[in-house]
Amino acid sequence: MSTSPTTPLIHARGLTKRFGDFTAVDAVDFDVQPGEAFGFLGPNGAGKTSTMRMVGCTSPVTEGELEVLGMDPDTQGSDIRRRLGVVPQADTLDMELTVMENLLIYGRYFDLSYKECRRRADELLQFVQLTEKSGSQVEPLSGGMKRRLTIARSLINEPEMILLDEPTTGLDPQARHLVWERLYSLKNQGVTLILTTHYMDEAEQLCDRLVVMDNARIVAEGSPKALIEQYASREVLELRFEDLKTPDLTGKGAHLIQRSEQLPDRILLYTDDGEALSETLHAEEIRPVSQLVRRSSLEDVFLRLTGRRLIE
Amino acid sequence: MTLRDNLRSVLRVVEHHAFVYRRTWQGSVFSTFLNPILYLAALGVGLGAFVDQSNPAGIEGVSYATFLAPGILVATAMNTATGESTYPVMAGIRWLKTYVGMILSPLSPRHVATGQLLWAGLRVTLGGIVFLGVMIAFGATDLPHALLMLPVTILTGLAFAAPIQAFAAAQTNDAPFATLFRFVIMPMFIFSGTFFPVTQLPELLQLVAYLTPLWHAVSLARGIALEMLDPVVALINVAYLCAMLVVGLLWSYRTFSRKLAE
């Protein structure tokens, strides 16, 4: 998909954002193609939100090149925003209004007639499964419901592209899955999704392609699968030892271990065959209190690239 | 964007405020409508009875209630404008972030600031109309004079709302608002000629009073009500309030943009 010759919806080269002396985004390059689900994966403070706000035309570009929907955010911000859907990190709902009123007034910002606003609002409430909450105040809704309402609101102008800044941060697992399912359905309808996240499972589930951000820079780019293949082994053997003290493993099972990573509470051994490695270590009298063989994930990719974990 | 587009966007922001007001108007009935009427009743009629008794010639040749009413009219415009331009602005930018939500749409920080100002102006207008109606009922003025005082009331509201919303947008918490009310708005309310002619003040304080925006508003409104308008003074009054409005609006473009789209 990344090699398709169509005009990209977003084109960024050397994109930079500085606040005074602080560089939030440091010369990043990326393109997003129509229909793609594109992710920014990285820990808090990596520069994901600043990048998204520049793309969403609510934060001026300090330096570099940025085109959104073929237009210049600096001079055509309003025209670009007219065609975008934006789900910001913090909900910005009108607590004093009802669920329905929130959608109606937001549609008005896009110059839709009240009749059209109401028609779309009814549809969208159904889409995010909030129809029965239509008349209730926003304040008492659960976090997951507020998030779904924000997503519905971002769709009122039938945008070609949706920017989601940490769409499920702070939600419980059930609420997260419901949001993912709705986003997946949008993706299937051909809407371009751009999201930031520090959850590797979110990135793996939703993104066709992603960039890994750390310290204001992009450190890797690819599909989740390609990134895992490139930067991690097939499997990981996680070992925990008594008193959190890892014994000296030098030379033990060395032919099976591609790389190891010592974390405060456990050691990760990267290997193509976790079971075989586990058996070899057992034969070498290594006795962990617990062990786990799992597939490598984007978390491992991030650890490899930055030496740190996504969520500390 | 054409002027027409900009105007439409500003009206969308006003529409938003009207939407919210439809849900919350009960809370402001007291401050906007009842407070000024209570002032007029208690001071104008109650206290006024004593004032008029000891001073049969009247103040500026009229009863105390008639003298007081135009002062209360514009002082209330100041209070309403201040209220509308402080906490609601803080809520829009920081607490509820509804303004942050607005600029994710085609609306820009300038539209938000201009719409906020117009809304404050509308609230002042509404309060002004009701109070002018009460003034007519009290016999403190008549319809033609009231129609001339209404634009003065609106200008007063806008002149206060503009710089105050700019100031409010720049704050990180609401503590400075209490300071603003206590040390700027309240003293002006009392000493800028609302309740008594500033000529009653010691000379130095008189000069200070002439510099306050509320004195200019009172001078205009009372000048119309009592038909004692001095054209030169009136021109200075209008220019002062207009300058405040323009400078305040431009300042609020800066602070709104900085807070909403930095």
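Mentor: In this predicted model, local features need pLDDT of at least 70 and side-chain atom pairs count only at pLDDT 80 or more, while totals for chains, interfaces and linings use all residues. Residues are numbered from 1 along each chain as its sequence is written, and chains are lettered from A, and ligands numbered from 1, in the order in which they are written. Helix 2 (residues 29-54) of chain B and helix 3 (residues 64-85) of chain B pack at an angle of about 155 degrees, with their axes 9 Å apart; here helices are DSSP runs of H or I with at least four residues, numbered from the N terminus, and axes are lines fitted to C-alpha atoms over the stretch in contact, with angles running from 0 to 180 degrees between N-to-C directions. Helix 2 of chain B and helix 3 of chain B are therefore roughly antiparallel, a term for angles over 145 degrees. Their crossing is right-handed, meaning that the near helix is turned clockwise from the far one by less than a right angle. Among the residues that meet, helix 2 of chain B brings B:Tyr39, B:Leu40, B:Leu43 and B:Asp52, and helix 3 of chain B brings B:Leu68, B:Ile72 and B:Thr76, where contact means C-beta atoms, placed from the backbone, within 7 Å. By class, this contact has 11 nonpolar, 7 polar and 1 charged residues, with Ala, Val, Leu, Ile, Met, Phe, Trp, Tyr, Cys and Pro counted as nonpolar, Asp, Glu, Lys and Arg as charged, and the others, Gly among them, as polar.

Conventions: Helices (H or I, at least four residues) and strands (E, at least two) are DSSP runs, numbered from the N terminus. Angles under 35 degrees count as roughly parallel, over 145 as roughly antiparallel, 65 to 115 as roughly perpendicular and the rest as oblique. Two residues are in contact if their C-beta atoms, placed from the backbone, lie within 7 Å.
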